Amino acid sequence: MKFRVIILLMALMVSNTLQAQKAIKVNVEKISRIFNRNVTLPEDGTTLTVNEGPGAGGAWLRLKPAANAEIEVELKGRDMHQRSFLGIAFHGQNDSTYEAVYFRPFNFRAADPDRVRHAVQYISLPDHDWPKLREQYPLKYEQPLNVSLNPDDWFKVRLAFADGNVTVYVNGEDKPCLQVKSLSSHKSGKIGFWTGSNSPGEFRNMTIRRLGKD
């Protein structure tokens with residue numbers, strides 16, 4: 001009898017783990033709050049478009065706060081210098097306190113090698129924005145991509161944040177293009193679509209897999 005109870009408990013533990021790691025498709029229409037932007041959806045409801053505007057902005061999703069998760073999403077920016085910053089915000093506490101990973105598509109194929117090295121960026125606001133990180137930790141929190149991408153086309157991102165680690169992959173590559181330690185003291189929070197100053201962005205095909213005990 002005792003042996004059967006142990007087996008049952010183990011089965012329940014495995015079931016709970018698998019359930020926690022199941023990938024869930026996100027309906028991009030499920031927005032809880034839009035900040036400093038407007039958003040639109042086409043008739044088919046598959047692509048969310050964030051308009052451009054001064055300062056950072058975006059849209060928080062109507063999801064349970066996440067501590068540890070893996071997100072897959074497709075993004076589309078544009079090849080316009082200093083006018084295309086877009087990515088995913090996570091561990092959001094409010095509209096100005098969150099972590100984010102974002103891309104600069106106008107740097108994907110830049111002739112200047114310094115710009116190429118600034119293709120993907122991690123930030124933790126309000127204390128660790130990109131100017132501070134670039135000055136104090138050059139090329140630690142921003143990196144080039146491992147593949148050549150068209151700055152005007154869709155590209156796929158896999159972002160994992162768990163146990164203080166943030167890891168980013170693009171277009172199915174096995175090697176991460178960015179891997180850093182979190183700089184935030186907040187270990188759980190909202191997830192949302194993010195765009196930088198004077199930058200629009202398009203987002204589609206998003207899935208979230210919660211990791212560990214999240």
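This is a predicted model: local features need pLDDT of at least 70, side-chain atom pairs count only at pLDDT 80 or more; totals for chains, interfaces and linings use all residues.
**Entry on backbone angles.** I noted that most residues other than glycine have a negative phi, and most peptide bonds are trans. Q82 has a positive phi of about 65° although it is not a glycine, and I recorded it as partly exposed because its relative accessibility is 44%, a value between the limits of 20% and 50%. N171, which is not a glycine either, has a positive phi of about 50°; I placed it in the loop between β12 (165–170) and β13, and with a relative accessible area of 39% it is partly exposed. I then turned to the peptide bonds and wrote down that the one from L125 to P126 is cis, with omega near 15°, and that P126 belongs to the loop between β9 and α3.

**Entry on the largest pocket.** I looked up the volume of the largest pocket and found about 310 Å³ of space in it. Its lining is made up of 19 residues, of which Q82, F85, Y102, R104 and W130 are the closest to the centre. I also saw that β9 (120–125) and α3 (130–136) each supply at least two residues of that lining.

**Entry on R104.** R104 counts as buried because its relative accessible area is 4%, where the limit is under 20%. Its side chain reaches the backbone oxygen of H118 at 2.9 Å, and R104 also lies over the face of W130, at 5.9 Å from the ring centre. Leaving out residues up to four places away in sequence, I listed what R104 touches, including S84, F85, Q121, R134 and E142. For another charge over a ring I noted R204, whose charged end sits over the ring of W154, 3.9 Å from its centre.

**Entry on aromatic rings.** I looked up the aromatic pairs and the count came to 12. F85 and F106 form an edge-to-face pair, 5.3 Å centre to centre and with 85° between the planes. This pair links distant parts of the chain, 21 residues apart, with F85 in the loop between β6 (69–76) and β7 (86–92) and F106 in the loop between β8 (98–103) and α2 (113–116). F85 counts as buried at 12% relative accessibility, and F106 counts as buried at 3%. F90 and F161 form a stacked pair, with 4.4 Å from centre to centre and 15° between the planes. Here F90 lies in strand β7 and F161 in strand β11 (residues 155–162), 71 residues apart; F90 is buried at 0% relative accessible area, and F161 is buried at 1%. I also noted that ring pairs link F85, Y102, F106 and W194 into a cluster.

**Entry on S182.** Is S182 buried or exposed? I found that S182 counts as buried because its relative accessibility is 18%, and the limit is under 20%. S182 is in the loop between β13 (178–181) and β14 (190–195), where its side chain reaches the backbone nitrogen of S184 at 3.2 Å. Not counting residues up to four places away in sequence, S182 touches E99, Y122, G164 and V166.

Technical notes
Residues are numbered from 1 along each chain as its sequence is written. Side-chain values use heavy atoms; hydrogens and water are left out. Helices (H or I, at least four residues) and strands (E, at least two) are DSSP runs, numbered from the N terminus. Buried means under 20% relative accessible area, exposed over 50%, partly exposed in between (1.4 Å probe, protein chains only). A polar contact is a pair of N or O atoms within 3.5 Å; within protein, one must be able to donate a hydrogen and the other to accept it, and residues adjacent in sequence count only if both atoms are side-chain atoms. Contact means heavy atoms within 4.5 Å. Rings of Phe, Tyr and Trp (its six-membered ring) pair if their centres lie within 6.5 Å; planes under 30 degrees apart count as stacked, over 60 as edge-to-face and the rest as tilted. A charge sits over a ring if NZ of Lys or CZ of Arg is within 6 Å of the ring centre and within 35 degrees of the ring normal. On a 1 Å grid over the protein atoms alone, a cavity is a set of points where a 1.4 Å probe fits but cannot get out, and a pocket is an open set with protein on both sides within 12 Å along at least five of seven lines; lining residues have an atom within 4 Å of a point. Grid points are joined across faces, edges and corners, and a volume is the space filled by probe spheres set on the points.
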